[in-house]
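Subject: Structure for you to look at

Hello,

Here is the structure I said I would pass on. My notes on it follow below.

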Amino acid sequence: MMKRQILLLFLVVYLTTAFRIHEKATPALKGGDNVFMVQIKKLENLRSSSSMANSLFTLAELHVAKKNPVQRLLDGIDKLVKELQTAQDAENKRYSDKRAIHDNTVQEFTMKINAATGEIASNKQKIESILKPRKKFAQDKITDLTKIVEQKREEIATLTTTRNTEREQYERTLKEVNDAILAIDQCLEAVNSLLTGTPSLVQYRKASTEIRKMHRQLSQKHLVELPLIEALLEIATSQNFANKESVEQVLKLLNELRSKTSKALQKLNSDEEQSLKEFNERTATLNKELSDAKAQIIENTQVIGDTDKEIKASDNIILTKTNEENSLKELLNNENENWRKETQIHEDIIKEILQEIEIIKQCREMFANKQFSEYVMSKVQ
């Protein structure tokens, strides 16, 4: 556009050097010329405010003064208008092409920003809705399992202490029962000796001594029924083995006592065996439950470790994508700001072109009026 103005000015300067216009006072006009003079006045005002109007007006005056055909001038002006319209079309195309590039750039930035925003939201949601609850669940589970481990250990310790106490009691009772059986057997041996041949006084005394000894031992330990022991002592002391019948009666009671004591021994061993079996079964169950709880603690500890790694990874993604999002937003803002400036430049160019076209059209309309030539010639004559 500046090139066209420079070319136009060059043409004006050139023509001015070749043809000098000697202005004269504006001639008096007839009444019918008033409308034309109003238009001339407007054009003069436009000429003072627009270099394009001034250049065209000067060119037209020179053209008329040289007595060149007005149509040639009008054709040149029409050509200039077409050039301006072509420049307008070129500018619109240039702006449209840049608009397409801008739109694609904005779309690309927007898609990338949305993708980054989506990843940020997705990882935040993953942390809050999945990872943190998973970690909390594992931590609570470990707390519960730790209590279970302590309970199982305490139960095993208590059970073991009870079992040891029972075992000690069993061993004491076992010794007492065996001692009682031995005492009964000694009594049986002493009393049986009274049935063989003619017993001596020493044998009678030994039998009585063994029975009293056995009585003291069994009555203190309460291993068998006390009435049976008392009856045995009563027969042995009151009758003093006076006859064979009394001896046989003592033997019968001793054998009965021996049988009951043997049964007590069997029950004692059976109870001990059952108690040991129950202890082993219960401790095996508790140890398995303890082992399972420990294994679950290890498993949940691993879950916490793995979850912490996932949380850290998601945090890193959030940080990376946040920085990426901010950078993209800055680029998008820069792009929009540059486009705003580009749009302003485009609008200024189009506005200038349209203004020039409008000015040229107004000048052409004036130049096409036959009174214009008369007006110019009246000034140079």
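In which helix of the protein is confidence lowest, and in which is it highest? Keep in mind that this is a predicted model. The lowest mean, 43, belongs to helix α1 (residues 2-18), and the highest, 93, to α4. For the protein overall, the mean pLDDT is 82, with 80% of residues at 70 or more.

One stretch needs caution. Over residues 9-32 pLDDT stays under 50, although the model has 26 contacts beyond four places in sequence for them. Where pLDDT is low, the predicted coordinates should not be read in detail.

The largest nonpolar core is made up of 29 residues, and Leu56, Ile360, Phe367 and Phe372 have the most contacts inside it. Two or more residues each come from α2 (34-49), α3 (51-65), α4 (70-192), α7 (244-368) and α8 (370-380).

Setting aside residues up to four places away in sequence, Phe367 touches Leu43, Leu56, Phe57, Ala60, Val70, Leu73, Leu74, Ile77 and Phe372.

The last item is a lysine. Lys152 sits in helix α4. Its relative accessible area is 16%, and because the cut-off for buried is under 20%, Lys152 counts as buried. Beyond its neighbours within four places in sequence, Lys152 is in contact with Leu286, Glu289 and Leu290.

Regards

Terms used. Residues numbered from 1 in each chain as written. Predicted model: local features only at pLDDT ≥ 70, side-chain atom pairs only at ≥ 80, totals over all residues. Heavy atoms only, no water. Core = buried A, V, L, I, M, F, W, Y, C linked by side-chain atoms within 4.5 Å. Buried < 20%, exposed > 50% of the residue type's maximum accessible area, 1.4 Å probe, protein only. Helix = DSSP H or I, 4+ residues; strand = E, 2+ residues; numbered from the N terminus. Contact = heavy atoms within 4.5 Å. pLDDT = per-residue confidence, 0-100.
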